[in-house]
Each structure stands twice: as C-alpha cells, then as structure tokens.
Amino acid sequence: MGVGITVEHLNAFYGKTQALFDINIAVLANHATALIGPSGCGKSTFIRCLNRMHETIPEARVDGKVLIGDLSVYNGTSATQLRRRVGMVFQKANPFPTMSIYDNVAAGLKLNGFRNRKQLDEVVHKSLHNSALWDEVKDHLHKKSGASLSGGQQQRLCIARALAVQPEVLLMDEPCSALDPISTGKIEELIFQLKEQYTIVIVTHNMQQAARVAEFTGFFLLGKMIEFDKTEKIFTNPSDKRTEDYVTGRFG
Amino acid sequence: MPDTDSNTAAGFVPQSSIPQISIPPISLRRRVMDHVMTGVAVLTVALVLLPLFAIFAYLVYKGIGSINLAFLTQIPKPPGEPGGGMANAIVGSMVILAIASLLGVPLGIGAGIFLSEYGRNRYGDIVRFVSDVLNGVPSIVIGIVAYGLVVMRQKHFSALAGGVALAIMMVPTIARTTEQMLLLVPQAIREAAYGLGVSRWRTTLSITLRTATSGVITGVMLAFARVAGETAPLLFTAFGNQYWNWRTDQPTAALSLQIFTYAISPFDEWHRQAWAGALVLIVLIVGAVAAVRIAVKHGTLAGA
Amino acid sequence: MSNQALPRPRFNAPNPEPGSKAALKVEARTTPLLQGKVSEVPDVAFGWAMRLCGLAVVALLGLIVYQLVVGSALSWHAFGWKFFGQSDWNPVSDQYGALPFMYGTIVSSLLALVIAVPLSLGVAVFITEMCPVSLRGILSFTTELLAAIPSVVYGLWAIFVLVPILREYVQPFLASTLGWTGLFSGPPYGIGMLAAGVILAIMIIPIISSITREVLTVVPQHQREAVLALGATRWEMIRMGVLRNARAGIVGAIILGLGRALGETMAVTMVIGNRPEIAKSLFAPGYTMASVLANEFTEATGDLYLSALIEIGLALFFVTIVVNALARLMVWSVTRGQPARSIA
C-alpha cells in the first residue's frame, strides 16, 4: 500500500530566486493527486522537492518539512534512501541508452547491489506487466536496447523501471507531454490502475488529464499553491477567482 | 581599387523614372586573382601532402626490407656485426606504456570526472586551466621532472621512471576529453538513476561514465598514441638497454630510444634497423588504437 | 482553450473493457527487496577521491615547477641573470651560458613558422572554403595523420631523406641566388639550422592548419554571404569575409604552433648539428634548449653542470607556458564568442 505525504511550510530556491513560497499540502495515500498551473508556476519544482531531486541542481536549496508516510524527507534521511521509496517518472522518457530493456528495468535493483537472478527475473516480469509493456517487449528483453523503443513504450519502460524498486509513492512530472494521444491514453489508464497500489502525484499542463486521472488537484501560480481540493471542486466550483480564471481558460 | 570606384559612380546614373543600376562584369584582374589564389591553395595542399607520402613511402620501403624474424625475436648485436633485432626494445616499450597507462589512465579519468561532476565552479576552472598548461609543457621537461622524482631517489634509471614521465603526459589529455564526453551525457539520465535511489558515486560510474564509454576510450587512445612514440622523456628515465631486462627498476630499452640511437650511429646495418623499428613502432601504435576501437564497438566494452 | 464552457471532467474510471482490465490488473506490491540503511560514506568518499584526482593535476604542475626551481638553484646562484646573456658553454671550466641555445630555439622556431604559416593557412582555407565536400574529410584526416607520426620518426626521415636533398639541391640553389644576404652562406652540410627549421615546419603544419580550420568553420555563414552578395569573387569573400573575421583565432593557432616548435626535441636534435654557436648563416649548425637537454643531461657529471641544464629546462618551461596561455586565449576569443553570437 502507498503512504500519504505531508508538506508544511516548504520554500524552495534557485540561488537567490525563490521558486516556491510556503507550500502546505496533505496528499492522501493510494490516490492520484494532480498539480496544475501555467508554465513556470513551480509545480515541477514542487514535485522535485518531494524526492530531493531539486537539490541536484547547483545552488538550489529547500527549507520546510516534508513527510513521506512517517519518513521525514529533509531531516536525517539520506536522499538515496528516500528515493528508493519514492519513484519518479520524468517529462521526457529517459531510459539508460546503453542498457537492454531487461537491464533498464532491473537497473534500480542491480545498481544497488541486488544480485539474485531469479528474483530479478520475477521483478522485471512483474514491473513490465504492471506497466502494460510486457506483451510488447517480452520477446527481446535482452536483445533490444531501451532507446530502440517508441516514445510511448519508452515512457512505460521508465514507469516499469520505477516500479521495480517497489516504491510507495510515484511522482510523475508531466509524463505525457511528449507523447501522442494514443500513448497518453495508455499511460492514463495505467495511472488509474496503479493508484490502487501506489500514491501518485502527477504534474500536468493538461487540465483534462488532471480531471481524468486524479481525485485531488492542486493549482499553482507564481510559486504559490493557490488552491488544493477535490478535483471535482477545482474544476466546477473553485473557491479562488484565479483558479476559476485558469480552469476556464482565461489565462495560462 | 580604381575600377570598383568608377563602377559605383557609373552605376547610379538614372536613365528614366526608375533608376537602373548596371552591375559591371567582374574585372579581369579580380578574376585572375581569384584563380591564382585557388591555385596557390591547391599548391599548398600538395606541398603539405608531399612529405607525408614521402615519409610513409620511405618507412614502408626501407622498413619492410629489414623486418624479419630475427628483428622481432633477437636482441641487438654489438656494433658492426650483422643481424640482431629489437625484441627487447619492443617488450620494453610495452612495459613502459603499461606502467604509464596504469598510472595515467585512472588519474586522468578521475580528474575528468571531477571536472564534469564536481568541478562546475572556480576550482574546476583552475584545474581546467592547469591541465591545458600541462598539455603544452615540452616532453623533455617532463623527463627532467621524472628524473628528479624517480631516478634520483632510486639512484638508477628504470622502466618505472619512464612510465611516470609518460603518465604525466597522458593525464591532461585524458582529463579534458573525459570531461567533454561526460558533459555530453544528458542530465536526465543522471536524474533517472538518482530517482531509482542509486547513489551518486554509483550513478557516476555505472550510468554516466558507462554511457560515455566509447568517447572516453577514444580520448584515452588519443593520449596513448601521443605518448607511445615519445622519445625525449625516456632519454634520462628509461635510458635504454642493449639486453633483456624484466625488472621495472632497471634501465629498460624502448623502441623509440633504439630508433634514435641507431639513426645517429655511423653503421648502415643499424640505419636499416632504425627504419624497421620505426615501421614496427607505427604499426604497433595504429594496431593498439584500432584494437581498442574494435573492442569498444563490438566487444564486451560496448555495454549494450 | 476557450472559455465557452467549463471542461467536463470524468471522475469515474475510464472503464476499460473487462478483457483489457484483466490484462492490466496491477499486481500487489510486495515488501521492497532493498532493505537496510543506505550509508552516505561511499558517496562522500567517492566525491573526495575525485576531487583528489583534480587536485593531483594541479599538484603535478606544482611538482614540475618545484623540481625545476630546486634543481636549478645552484646554477641560479652561480650565474644569476648572466646565465641568459652568456654564450660560453664549457663543462670543463664549469662556465655556463644559455644564449646560444636560446638563439637556436628561437631561430629554428621562427624559421619553422615562416615556412609553415603560409602552407597551413593555404591548406585550411582550401579545406574549409574551396574543396568539394567529399574530399574534405579525407584531406583533414590525412593532414592530421602528420601529427600522429612520432618525433623520432620525423628525425629519422630528416636525416636520411631531407638532409641529403637540402645538401644536394636546395642549399646550393639558395647560396647562388640569396647568398648575398649572408643568411645562406658557408659550406652546405645539409645538417644545420635550415634542416631543423624545415622539419619543425612539417611537424607543426598539422597543428596550425587544424586549429585554423576550426576557427574558420565558426565564422558565421552570413558573413560569407554578405560579402558574396556585394559581388565579390570567392577569393575576395575569403579574404574579407572569412580571414578578417578569424584573425585573432588564426594568430592563436600560429602561436600554438610556435609553442609546439619551441619544445620539440628529437627531430631537431637529430638534424641541427648540435654546436653551441651563434651564426648568422642558416647553413651553420646550431643547438636548441631542448636538444642540449637531450644530449647532455645523462652525461652531466658535475652538480653545477646538471643544475645549469635544469635551468635551461626551467626557462623552456616558462616560455612555452606563456606562449601557450596566450595562444589559448586568442583561440577561445574566436571559437567561444562567435558561435553564441551567430545563433542569437
């Protein structure tokens, strides 16, 4: 089962520029939560703070409190340890170019010193199955490189790769922005299935997508979280004028 | 240029309500100049290629005739006696180059990793500048340093000292090419590994470096080829040896040293052997580079 | 997105057909296979190990300077600045002056530049501006092959091919036509300053031409088109549109070639004649800083003798560093600034 996420007074910076201002949010376990907002509003920065990916950028820093389940993200836990519990799928599919499909999926375990061949086979099979890619690639797991797949397949491979480490939370940073509608449909369907087992946070610039896959939606503007509520409420009866302007297409 | 001036003046005479500009034909002088300069450029290419072909032609022509089994398996005979070969020098060169690679390649790659993964700051700039400076230090000066570092301490010339000298020469080249190759690996690939809970050192070695493997190896081979034919830094480090030597702390023969000694000697037999040695040296360098390239493309190093 | 109507969100599952739903049934998570605490120690250790490698590069330079300064201290104390102004080099009486070697190094390198610069520029211009694209790769590869030949092989070829040609044909010709200048007089040995200059020129052509080529290719295409549009011929386009814009970079390439020539040892040692004399004629034998190190370092018996040689090494080191740093800056000024500006 997934775990919930609690964020309190989160501020993020790039050098001297502040990118996030005092974010507070509670994400429910085993639900999908969407983050929407115009480009540059801080939604990607926010999701990257949840697994401390933000700090890989030089001069970036964060303060505030983030809890993944009962694990405090910015207090005593190593980023590496944390990321094993919080999987991430990126905007652009980024399979490891030198590895086969099998090795891509197994990478998270293998690179962390896991060597049990039988269990690896099992995990790879299960992860590819769960990401709805198994049938398409089962005949050339070892022969084809991850980079030889189509864009949509690559993104599902990346999901499988994240699932193989068995995280509790899955962060998705605009996972469909580079994909065609059919691949997007497949991945949305997948997200719908996955949230039975995982807590999912998805950043999207596509409001229909948020509406289709998420129970909760947060609206970001200029580094601030303007509104966070049930998706239904955000799209039909938002409490904030700015949210209403955005979801009705008046700007952004 | 008088004709261009008059052209522009003449060109602006209005003939009707619509001003017409008559574009004059390019003058003969300018056309001739154009052809002359093209001819000059072609001539320079010919002049540059000429010595290249002459060197290779001589190398093959003079070298092939003197290479035989004895040359490849025997050690030098005393001056004046016919026969003998450079077997000890071939082996010695390999030993010295192995020592140089063992010392220089890890250090160079490590410095390259520092530059691309930890050195995007002032400290990195210092290291970048210093390695460019090191790249320009004459090889004979590097020889003096290795002499002071190793030979003075051990009290005798050695293969180790030669290896140290060549290693110092390999490091800057390898560091800068490794850096450039690692920087070509997209940040997204590193983030993918971090996102899986892979630690930074593991990501750097197993993902970033592995993705850039073929480029890094090309850089290493470039450095290797550059030092493989070096003579100057070996003169007072490896020193040379007319006999077999299997110890790394003793004076050791090297192919390039042997070529030098034989070339400036007064004996015809040795001159012939110098040509043969030069041919073998070039074949070995090209062979080593090609072998590694092929291994990278098809072999286990390919990674896919 | 229009504002005619609020989007109609669907809150229920997109209800996939029963068949595909079964195929996509997500299996339950199991306990993670990766257990246990992750230690930060390897990461920190690796980071510092790599920093150490970077530091080692700086340390190497420091070591070189240290070795040279300490090694030459004795000679520095004995002669001071006079060392670079004296032309007396006599190990027997322990008198050392570096002037003839400095003279030889400078003259042979300048001679090499005089020969190599026009040729390299011609080759670079031909490859980038004139030659058909199909030939371009082959030609640049071939000229770079020249750079891959070891110095000692150049020397070997120079002794047995170049020197006889100079002695039999070139030197008599020069003596009869330009002998009056005093630069080409004396007996034609073949071996001497001229031979050193020629072989050095052959060796630095690949460096100068490949960097010049690099510089010429970053001259923006619109500069060429602008000149051509004014009705210029191809040569005028090259002269005004290309060479003028790449001036700083070309000068940098030439200086880099000079840096290489100053430190070149083996080929020069094999043909320059190795006599510490300052002669006006280019036919006369000479000696360079690098050559005297190559020839005498292992034979230097006295401490002062060795120290004087190391001081020559130190001087050579400083000159090449200054020359190289200067050249790098000039090349960077073209290759770094230009492409960014042309994209914008």
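Predicted model: local features only at pLDDT ≥ 70, side-chain atom pairs only at ≥ 80, totals over all residues.
1. Helix H8 of chain B (residues 187-195) deserves a separate comment. Seven of its nine residues are buried, so the helix is largely enclosed by the rest of the structure. The buried residues are Ile189(B), Arg190(B), Glu191(B), Ala192(B), Ala193(B), Tyr194(B) and Gly195(B). Just after this helix, Gly197(B) adopts a positive phi of about 80 degrees.

2. The contact between chain B and chain A takes 18 residues from chain B and 24 residues from chain A. About 1800 Å² is buried between chain B and chain A, and carbon and sulfur atoms give 63% of that area. Of the area that chain B buries against chain A, 31% is supplied by Glu191(B), Leu196(B) and Gly197(B), more than by any other three residues.

3. On the side of chain B that touches chain A, H8 and helix H9 (200-211) of chain B each supply at least two residues. H8(B) contributes the largest share of that side, namely seven residues.

4. Between chain C and chain B, 67 residues of chain C are in contact with 71 residues of chain B. These two chains bury about 6200 Å² between them, with 84% of it on carbon and sulfur atoms. The interface of chain C and chain B holds one salt bridge, in which the side chains of Glu236(C) and Arg30(B) meet at 2.7 Å, N to O. Seven residue pairs, both at pLDDT 80 or more, are in polar contact between chain C and chain B. Helix H2 (residues 41-79) of chain C gives the most to the side of chain C that touches chain B, with 17 residues.

5. Val69(C) is placed in helix H2 of chain C. At 42% relative accessibility, Val69(C) counts as partly exposed. The C-alpha atoms of Val69(C) and Ile127(C) are separated by 44 Å, the two residues being 58 residues apart along the chain.

6. Chain C as a whole contains 13 helices and two strands. Of its 344 residues, 52% count as buried. Among contacts in chain C between residues at least 6 apart in sequence, 73% join residues at least 24 apart. Chain C exposes about 15700 Å², of which carbon and sulfur atoms supply 65%.

7. Chain B carries a nonpolar surface patch formed by Leu28(B), Val32(B), Val36(B) and Val40(B), with about 340 Å² of accessible area together. Val32(B) lies in helix H2 (residues 28-66) of chain B and counts as partly exposed, at 43% relative accessibility. An α-helix has 3.6 residues a turn, so residues three or four places apart point the same way.

8. Over all chains, the whole structure contains 26 salt bridges. A network of salt bridges links Arg120(B), Asp125(B), Arg128(B), Asp132(B), Arg176(B) and Glu179(B). Asp132(B) is located in helix H5 (residues 122-135) of chain B and is buried, with a relative accessible area of 11%. Leaving aside neighbours within four places in sequence, Asp132(B) is in contact with Arg176(B), Arg328(C) and Trp332(C).

9. Two further salt bridges lie within single chains. In chain A, the side chains of Arg85(A) and Glu168(A) meet at 2.6 Å, N to O. This pair links distant parts of the chain, 83 residues apart: Arg85(A) is in helix H2 (residues 79-85) of chain A, and Glu168(A) is in the loop between helix H6 (151-164) and strand E7 (169-173) of chain A. Arg85(A) is partly exposed, with a relative accessible area of 22%, whereas Glu168(A) is buried, with a relative accessible area of 13%. In chain C, Arg275(C) forms a salt bridge with Glu277(C), the closest N and O atoms being 3.7 Å apart. Arg275(C) counts as partly exposed at 39% relative accessibility, and Glu277(C) counts as partly exposed at 38%.

Note on methods
Residues numbered from 1 in each chain as written. Chains lettered and ligands numbered in written order. Heavy atoms only, no water. Patch = residues over 30% accessible without salt bridge, like charges linked within 9 Å, V, L, I, M, F, W, Y side chains within 5 Å. Areas by Shrake-Rupley, 256 points an atom, 1.4 Å probe, with all protein chains shown as cover. Salt bridge = Lys/Arg side-chain N within 4 Å of Asp/Glu carboxyl O. Helix = DSSP H or I, 4+ residues; strand = E, 2+ residues; numbered from the N terminus. Buried < 20%, exposed > 50% of the residue type's maximum accessible area, 1.4 Å probe, protein only. Contact = heavy atoms within 4.5 Å. Buried area = accessible area lost by both parts, 1.4 Å probe. Polar contact = N/O pair within 3.5 Å; in protein donor to acceptor, adjacent residues only side chain to side chain.
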